[in-house]
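The structure under discussion is shown first.

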Amino acid sequence: MKKISVVTGGGSGIGRATSLKLAKVSNHVVIADVNEAGANETAARIKASGGDASAIKVDVADETSVAALVQSAETTGHVETLVNCAGILQNGSRVEDMDLAEHDRIWDVNYRGTYLCCRAFGPVMAARGTGSIVNIGSIAGFEMFPLPAYSPSKAAIHQLTKVLAGDLGPRGVRVNAVAPGFVMTEALRARVEAGERDTSVMEDQKTLRRIVEPDEIADAIVFLCSNAARAITGATLPVDNGWLAGLAYNTYAGNKKN
């Protein structure tokens, strides 16, 4: 049977970069995204480079849609890797100003979507005694941001990852997460071009003084999925060019600018 990798949100950004890299180590990559055109484009890129892939339209917040994804993926082969990249960003907002419908949709996709996919694929992997799941958290899940829906949803994913590691670990399934810093995805670039983000501020906050690229997040994800990370589970790995390290260091009152 083919070894299958499933990537939700694979139609763009981190999900696309991850799909392209996983295609080099997997027999087949299933790109699952509500953006069907984006998923098809990612699959086409993989095929053009000699890999094997398929695309499927999925709403990760819908249980029926996720169940159909599992059925489709398992028809192709044995799913050994699941990467939950599907997610929604948020602009800064005060709690009282945030639209509740937007708040609920962010939670539906970011947290519920991750939970539903883990809940659906985890037992399938556990029944075979092997598998790896990687969730997408955020540095916003570690520290406070003025993002009253996004930040808590990512903090919840960090905790969910630990719960799943404890639950599925005895049955051979590892569950980890990566916590990206500011990543120059299509979504972030659009916000920068709209004047909603200041790249100079993002760069100054990082000890390495640059914004993370999607490929760099994908490298960390592929590592956590690989046998090289066989002893790692329940971990959330920051990939942030030193944002967390620089948070206190760069704001220390007696610090001299580097």
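The following paragraphs treat selected helices, a strand residue and the aromatic pairs in turn.

The model is a predicted one.

Helix H2 comprises the 13 residues 36-48. At 1.5 Å a residue it should span 18 Å, and its end C-alpha atoms are 18 Å apart, which agrees. Which residues of H2 are buried? They are Gly-38, Ala-39, Thr-42, Ala-43 and Ile-46. Viewed down the axis of H2, these buried residues fall within an arc of 135°, so they line one face of the helix. An α-helix has 3.6 residues a turn, so residues three or four places apart point the same way. The partners of the buried residues of H2 are helix H1 (13-22), strand E2 (28-33) and strand E3 (53-57). On the face of H2 turned away from the buried side are the exposed residues Ala-37 and Ala-48. After H2 comes Gly-50, whose phi is positive, near 95°.

Strand E3 contains Ser-54. With a relative accessible area of 24%, Ser-54 is partly exposed. Ser-54 and Ala-43 are 11 residues apart along the chain, and their C-alpha atoms are separated by 5.6 Å. Beyond its neighbours within four places in sequence, Ser-54 is in contact with His-28, Val-29, Val-30, Ile-31 and Ala-43.

Where helix H3 (residues 63-76) meets H4, the two axes come within 10 Å and cross at roughly 35°. The crossing of H3 past H4 is right-handed. H3 contributes Glu-63, Val-66, Leu-69, Val-70, Ala-73 and Glu-74 to the contact, while H4 contributes Arg-112, Leu-116, Cys-117, Arg-119, Ala-120, Phe-121, Val-124 and Arg-128.

The buried residues of H5 include Tyr-150, Lys-154, His-158 and Leu-168. Against which elements do the buried residues of H5 pack? They pack against H4, E5, strand E6 (173-180) and strand E7 (236-239).

**Aromatic pairs**

A search of the whole structure finds 4 aromatic pairs. Two of them are set out below.

| Pair | Distance between ring centres | Angle between planes |
|---|---|---|
| Trp-107 and Tyr-111 | 5.7 Å | 55° |
| Phe-145 and Trp-243 | 5.4 Å | 35° |

Planes under 30 degrees apart count as stacked and over 60 as edge-to-face, the rest being tilted. The planes of Trp-107 and Tyr-111 lie at 55°, so this pair is tilted. Both residues belong to helix H4 (residues 100-128), 4 residues apart, about one turn of the helix. Trp-107 counts as partly exposed at 25% relative accessibility, and Tyr-111 counts as partly exposed at 24%. Together with Tyr-115, Trp-107 and Tyr-111 form one aromatic cluster.

The pair of Phe-145 and Trp-243, with planes at 35°, is therefore also tilted. This pair links distant parts of the chain, its members being 98 residues apart. Phe-145 lies in the loop between strand E5 (131-136) and helix H5 (150-168), and Trp-243 lies in helix H9 (residues 243-249). Are Phe-145 and Trp-243 buried or exposed? Both Phe-145 and Trp-243 are buried.

Note on methods: Residues are numbered from 1 along each chain as its sequence is written. This is a predicted model: local features need pLDDT of at least 70, side-chain atom pairs count only at pLDDT 80 or more; totals for chains, interfaces and linings use all residues. Side-chain values use heavy atoms; hydrogens and water are left out. Helices (H or I, at least four residues) and strands (E, at least two) are DSSP runs, numbered from the N terminus. The expected span of a helix is 1.5 Å times one less than its number of residues. Buried means under 20% relative accessible area, exposed over 50%, partly exposed in between (1.4 Å probe, protein chains only). The arc is that of the directions from the helix axis to the C-beta atoms. Contact means heavy atoms within 4.5 Å. Rings of Phe, Tyr and Trp (its six-membered ring) pair if their centres lie within 6.5 Å; planes under 30 degrees apart count as stacked, over 60 as edge-to-face and the rest as tilted. Axes are lines fitted to C-alpha atoms, for helices over the stretch in contact, and angles run from 0 to 180 degrees between N-to-C directions. A crossing is left-handed if the near helix is turned anticlockwise from the far one by less than a right angle, and right-handed if clockwise.
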